[in-house]
Amino acid sequence: MAWYLLGREYTAQGKAGKAAYCFAQAGEIYEAFEQQKIVLEEPLPPNLTATKLIKEEAAAGDRQAQSRGRRKWMPYLVMFVLLALPAGMDLAKSDGMERVVDVTEQTQAGSAVATFADIQVDNQGLKLYFSDGDWGKKLQQILQPSVRGTGESVIMDAPSSKDGHWKEWYRSVSPLLSVEHTATGGNQAVLKYYQAQICSCQVVDSSKLVPVIQAWMHDREEAIILQSAIKAYQNKSGGLPDKPQQLTKPYPDNLLPGLTPQMKESFPVALQKVAELASVKATQAPVLTGGGATGEHSPQSNEKALAASSSQPVASSEPFAEPLKIIIDTEQHQLAVVSGDFILRRYPVGLGGVKTPQGEFIISEKVRNPNGRSNGEFGSRGMTLSNTLYAIHGTNKPTSIGKDESHGCIRMLQQDVEELYNMVPGQTKVTIGKGMLPLSEAGEGIGAGGGIPQQAISLPLETKDNNPGKVYKWLD
C-alpha cells in the first residue's frame, strides 16, 4: 500500500518513470485499485531502492522548496512510507470508490504513534480528525486498535495558501478520506476517498458530510473567540475572569458584545485551556497543533470537555492554539483574522495609502454605532487602534472599499465589520504592513463579504457597548 501511495504522489507531480516503478512494487494492490495491469515501459535502474528513491526525492523537494518558498510535503510522505500502514493490511476488494481492507492488531515494530485524547461520537458513530497536512499520520493513528472502535472516522484538512505558509480555513475544511469499521466486521475496514489527488480514483460523494463539518467549524470558531476573550481579559486586568459575564462588561470595558449558550457552557474548560497554554509558554514546552500531541500541557488535552455541550461529532485535535489576531495587508487591501498559521476570515478594506500607518497596534476601544447611528461616516461598528485617531470601522462610502480614499483609517463593509466586531475582543493585536498575506488563488477574489463561511459569527447583545456621549473624530 505504501508503494501505491508513493506512486500516486509521483503521478500527481508528472514523474511517470518513478510512479511506474512504485506501482510495479505495489503489484496486486495497484491492479486492484486501478483495475488494470501495471506496465513498466521505462524501467528504472535495477539497483534503485525505496530508500534511495526517497532520499533523492527529499533532496529535490528541499531544493524546490528553497527556490519557490512552498511547504515541504516530502517529510510527511517519507514518514508515511517508512512507517507504512499497519503490518498485515491487505487489500480485499475494490470497486473504484470504496476499499475494503483487513487490519491486524499490530503495527510495525518501532513505529512511534501518538495517542489521541478520548473521542466523543454522535449517534452514527462519526468521528472527525483534522489533519493539518499530515493525513498519512492520521490514517496510521486511526487504524490503531486503541482508537479504532466502530463507526466512520473522517480525516479533514483546510487548503493551503499559494505560498504554503498558511492554512486558509475561510475557504472551508474538506474531507480527504474516511475509514469505517463495523461492529461485526472483525478486522475489516472500508476506506472511502473524497479527494482525487490522494487516490487518483473515482471519489465518494461528500455532500452528507458538508453540514456536519461546517457545524464543527462553527463550534471551533466560537471556542477560539472565547479563549481569545479570556486571554484579552487577562492582558487587561492581570488575572483570569471568574465568570463569563466579565467578558461582556459595559463600555468601555467591553470585550465581546455577548456569548452564545454554548460559549457560556464551555467557559470553565476554555478558562483551563488558556491557563494550560500559558503554562506551556512559561516552561517553553512545545505546542503542537492539529496533530496527536503528547505531554501534560498539550493544547488538545481538554478537547473532549470543550465540546461536551455540542451535539456535533468531536474532532481528534483542536486546530487553533493561538489567540485571534488581525493582519492588514496594505498592498492587497485585505484584512484577515488569524490564529497561528490559520486564516479564519479575509475581508476587503478601504485604506488611505501612505496615510494609513504601518506597525503593531491593539484594539483599545470597541463601540457600537459610533456617533449614535449605524449609517454615518463610521458605519455601525468601530474599533480604535491603540488610543489613536485611527480605527477599523464601517463606512457610508462602500465604493471606496479596495481603494486608497480614506484619511488613514481602515474602512469595511457593514456585514464584514459587524462580524469582525463579534469575533475579535478588545486588546486584540493588529498588524498593518505590506505583503502580509498570501495572494488569493487564481479566480478566487475576495469581494464584498468574501472569505466568509456559510455560518457567519453572530453573538447576542448582552451589554451596553455604545458611547452616545462622545462625538468620534477618527480620521476616516
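I began with Tyr-421 and found Arg-381 over the face of this ring, at 5.4 Å from the ring centre. The charged end of Lys-366 also sits over the ring of Tyr-421, 4.4 Å from its centre. I count a charge as over a ring if NZ of Lys or CZ of Arg is within 6 Å of the ring centre and within 35 degrees of the ring normal.

I note that this is a predicted model, in which local features need pLDDT of at least 70 and side-chain atom pairs count only at pLDDT 80 or more, while totals for chains, interfaces and linings use all residues. Residues are numbered from 1 along each chain as its sequence is written, and side-chain values use heavy atoms, with hydrogens and water left out.

Next I looked up the sheet. Eight strands form an open sheet of mixed pairing, in the order 9-8-7-14-10-11-12-13. I take helices (H or I, at least four residues) and strands (E, at least two) as DSSP runs numbered from the N terminus, and two strands as paired if DSSP finds at least two bridges between them. Strand 9 (342-348) and strand 13 (410-411) stand at the edges with a single partner strand each, so one side of each has no neighbour in the sheet. Strand 7 (residues 325-329) pairs with strand 14 (residues 429-433) in the parallel sense over four bridges. In this pairing I found Asp-329 opposite Gly-433 in strand 14.

I then turned to the aromatic rings and recorded nine aromatic pairs in the structure. Rings of Phe, Tyr and Trp (its six-membered ring) pair if their centres lie within 6.5 Å; planes under 30 degrees apart count as stacked, over 60 as edge-to-face and the rest as tilted. Phe-320 and Phe-342 form an edge-to-face pair, 5.4 Å centre to centre with 90 degrees between the planes. Phe-320 lies in the loop between helix 10 (303-306) and strand 7, and Phe-342 in strand 9, so the pair ties together parts that are 22 residues apart in sequence. Both residues, Phe-320 and Phe-342, are buried; buried means under 20% relative accessible area, exposed over 50%, and partly exposed in between (1.4 Å probe, protein chains only).

Last, I checked the backbone. The peptide bond from Tyr-251 to Pro-252 is cis, with omega near 10 degrees. Asn-371, although not a glycine, has a positive phi of about 60 degrees. I located Asn-371 in the loop between strand 10 and strand 11.
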